[in-house]
Amino acid sequence: MDQVRAVEGQRLGDLNTATLEIELSPELRRSNVASVLTHEIAHFLVYEADLEIDGDLEEKLVAGLTPSLACLIRDNQRLLAWIRERLRE
Ligand SMILES: [Zn+2]
């Protein structure tokens, strides 16, 4: 199970790999919800890719992917809508 921690050591989000559910801390500030959720989605993608990495390497990979994933989601709504429609075909 992944744990996102704030500087103070508080857990902000978890990906439960048994249920594939993401839990976010109720203590999470509204301004951080999207970034922590995106971080956990990146963990889900790594998990589903079955890369068999964990620990520091997975955290490094996820930390590297998260900003690009967030930009993709934020800045490409038309592209995402187009992809969503094509995937339904
Ligand atoms: Zn993480």
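Is Val 33 buried, exposed or partly exposed, and why? Let's keep that one in mind, everyone, while we look around.

First, a word of caution: what you see here is a predicted model. Its mean pLDDT is 90, and 90% of the residues reach 70 or more. Confidence is lowest in strand 1, residues 2-5, where the mean is 54. It is highest in helix 3, residues 77-88, with a mean of 97.

Next, please find strand 2, residues 11-16, and strand 3, residues 21-24. These two pair in the antiparallel sense, over four bridges. Together they make a hairpin, with four residues between the strands. Look at Leu 20 in that turn: its phi is positive, about 55°.

Hold on to Leu 24, as it takes us back to our opening residue. Val 33 sits in helix 1, which covers residues 30-48. Setting aside neighbours within four places in sequence, Val 33 is in contact with Leu 24 and Leu 28. Leu 12 is another residue to look for: 21 residues separate it from Val 33 in sequence, and their C-alpha atoms are 8.8 Å apart in space.

So, our answer: Val 33 counts as partly exposed, because it has 14 C-beta neighbours inside 10 Å. A residue needs 20 or more to be buried, and 12 or fewer to be exposed.

Conventions. Residues are numbered from 1 along each chain as its sequence is written. This is a predicted model: local features need pLDDT of at least 70, side-chain atom pairs count only at pLDDT 80 or more; totals for chains, interfaces and linings use all residues. Two strands pair if DSSP finds at least two bridges between them. Two residues are in contact if their C-beta atoms, placed from the backbone, lie within 7 Å. pLDDT is the predictor's confidence in each residue, from 0 to 100.
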